[in-house]
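Biologist: Hi, I'm new to this one. Could you walk me through it?

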Amino acid sequence: IRVSGCVRCFAPMWSMPQGRRRLGGAVAMISKLPVIPCKTWPLPLAASLTLGAGEARANAGLLIDRVEVDVVRAADLLRRGMDGDALWKAVQGLVERGDAAVVGGYYCAAERGGQARLDCGHEFMYPTEWDPAEMPQKLAGPIGPGVNLKTNATPTAFERRTIGADMLWNHNRLVGKPYLESELEFQQTRLLSMDEYGRGANRQTMPRIASQKLAKLSGQLPFARRTLLAVHHDASASEQMVFVFGRGQTQTAPLPVEEEVDPFAPGVDRDPDDTRLEVSVELIELSDQKFTELMRGAPQIADWSRQRDRIGEMIEGDEARLIASQHLAGRTGTKLAAGGAGEYFYPVSGDPPEISQHLAAPGDQSPPITAKAVMSHEKRQLGLSVEASPRFEAGLIDLQIAIEYLALDRQIEFGDGKSAMQVPVFDAMRLTTSVKVGAGTDLLIGAFTPRAAETAEPVRDRRVLVFVRGSVAHSGAQ
């Protein structure tokens, strides 16, 4: 907000209750400006102030879409020299005719100057170290047919990697209309196959992973318009290309809550640290079509309460599904946390099986072989876990939040026989960001493309939305 004019002329407005409600926390800053009589300051005084209802209160969002197009049509579209919006409309026409497919969509919101990180996919563990097969060192005589005298190659250490999408977005500032000054990194990984190396008892199984990565993009990102960020060849099908589109969007500033008690009235005792806040988080799955309609109808609003009510009706009509939710409450400025649905323990390293190194007499029995020994475990929290640090300032909730949703997808086995070791594959969704939330309102802060069980491929026609709701349980005014 730009205030132009003489400070003395504006002074009566500072003392009016309506003016205090409208300007919020800026009153204290303005009261410190020097009061200069008009006759000694002939020119109007212009002060540029960052007020609560200005740019600092507004969030911004980033929407990423990945569309798969065959090579011939992709080359034809790229040769036309169209801008991002025109190219997006042309690609959407191909999607409607069935000649292209949307293979993923992601969204995250962040406050001005904030950072958001989103990743989702299958947490896949694979061995990085193997012990070779082993045989007895001494035999006393001939051994009968069918006797097993060796162990197999044994996995002894594992590494974890998420197969899916990973996005890091730094929203620096607004650069007038219609640009966002941003830095963006985006990476998509896919599990192509499980390949075998070695022969016989020393056979090892390792994954083959393809990665499509955007170079770090830094610059002005147009909002309310599509921009072509990158074009990749599909790693599993050379006749396909993937267009990566981005769209930035600003949001109107959330409205500050109206206080019933005037904090500037004489005799009012106010302890801002005593304000108690409540934060709710919901993960809701619905179709990509419904998600597109929601984003088209409300791209720039700060209060998603009406849209959340519509989604509630979809849940009742089995058009959407509530996956998980958490509710946190505590004092302003404190760190709040809520756990998930239980802890899951799994092995991460082990010693190989052992075989007797000396056979005293020949026979038709296999020598004793001990099974693989698990040496160390890790544990993970299943379900929805939330860590939040809400702070109530100038009538708004300044929320720093990190969410993780983890579900057990399946078990996979590496090694053979007594050398085998099973490790879990988790379905994971994570989001870390900071936003401004109006008290008593809902806000969409993220959207994921879920992964299919077993294959880890994106479920193209489904999206998982992340909603937060902030409210003031106790204002702190005495």
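Modeller: Helices (H or I, at least four residues) and strands (E, at least two) are DSSP runs, numbered from the N terminus. Residues are numbered from 1 along each chain as its sequence is written. This is a predicted model, where local features need pLDDT of at least 70, side-chain atom pairs count only at pLDDT 80 or more, and totals for chains, interfaces and linings use all residues; side-chain values use heavy atoms, with hydrogens and water left out.

Biologist: Which strand do 7 bridges join to E20?

Modeller: That's E5, and E5 and E20 (residues 421-438) run antiparallel. Arg117 is opposite Thr432, and Gly121 has Ala428 as its bridge partner.

Biologist: How many residues of E20 are buried?

Modeller: 16 of the 18, so E20 is mostly covered. Buried means under 20% relative accessible area, exposed over 50%, and partly exposed in between (1.4 Å probe, protein chains only). In strand E5 (residues 115-131), 12 of the 17 residues are buried, so E5 is largely enclosed by the rest of the structure.

Biologist: Let's zoom out. How many helices and strands are in the chain?

Modeller: 7 helices and 22 strands. The chain has 478 residues, and 47% of them count as buried. Contact means heavy atoms within 4.5 Å. Among contacts between residues at least 6 apart in sequence, 74% join residues at least 24 apart.

Biologist: And what pLDDT does the chain average?

Modeller: The average is 75, and 69% of the residues score at least 70. Over residues 1-54 the pLDDT is below 50, though this stretch has 51 contacts in the model beyond near neighbours in sequence. pLDDT is the predictor's confidence in each residue, from 0 to 100. Where it is low, the predicted coordinates should not be read in detail.

Biologist: Noted. Which residues touch the most other members of the largest nonpolar core?

Modeller: Val281 and Leu283, in a core of 64 residues. Strand E13 (residues 276-287) gives the largest share of this core, 6 residues. A second, separate core of 21 residues includes Ile163, Leu191, Tyr344 and Met421. By nonpolar core I mean a set of buried Ala, Val, Leu, Ile, Met, Phe, Trp, Tyr and Cys residues joined through side-chain atoms within 4.5 Å.

Biologist: What does Leu283 touch?

Modeller: Not counting residues up to four places away in sequence, its contacts include Ile323, Leu384, Tyr405, Met429 and Val464.

Biologist: Which residues of H5 are buried, and what covers them?

Modeller: Gly84, Leu87, Trp88, Val91, Gly93 and Leu94 are buried. Their cover includes helix H4 (71-79), strand E3 (59-70) and strand E12 (240-250).

Biologist: Where does Asp70 lie?

Modeller: In strand E3. Asp70 is buried, with a relative accessible area of 16%. Leaving aside neighbours within four places in sequence, Asp70 contacts Asp99, Glu239 and Gln240. Asp70 and Val242 are 172 residues apart along the chain, with 8.5 Å between their C-alpha atoms.

Biologist: Last one: is Asp318 buried or exposed?

Modeller: Exposed, with a relative accessible area of 71%. Asp318 sits in the loop between helix H7 (305-316) and strand E14 (320-331). Asp318 also has a positive phi of about 60° although it is not a glycine. Most residues other than glycine have a negative phi.

Key:
Two strands pair if DSSP finds at least two bridges between them.
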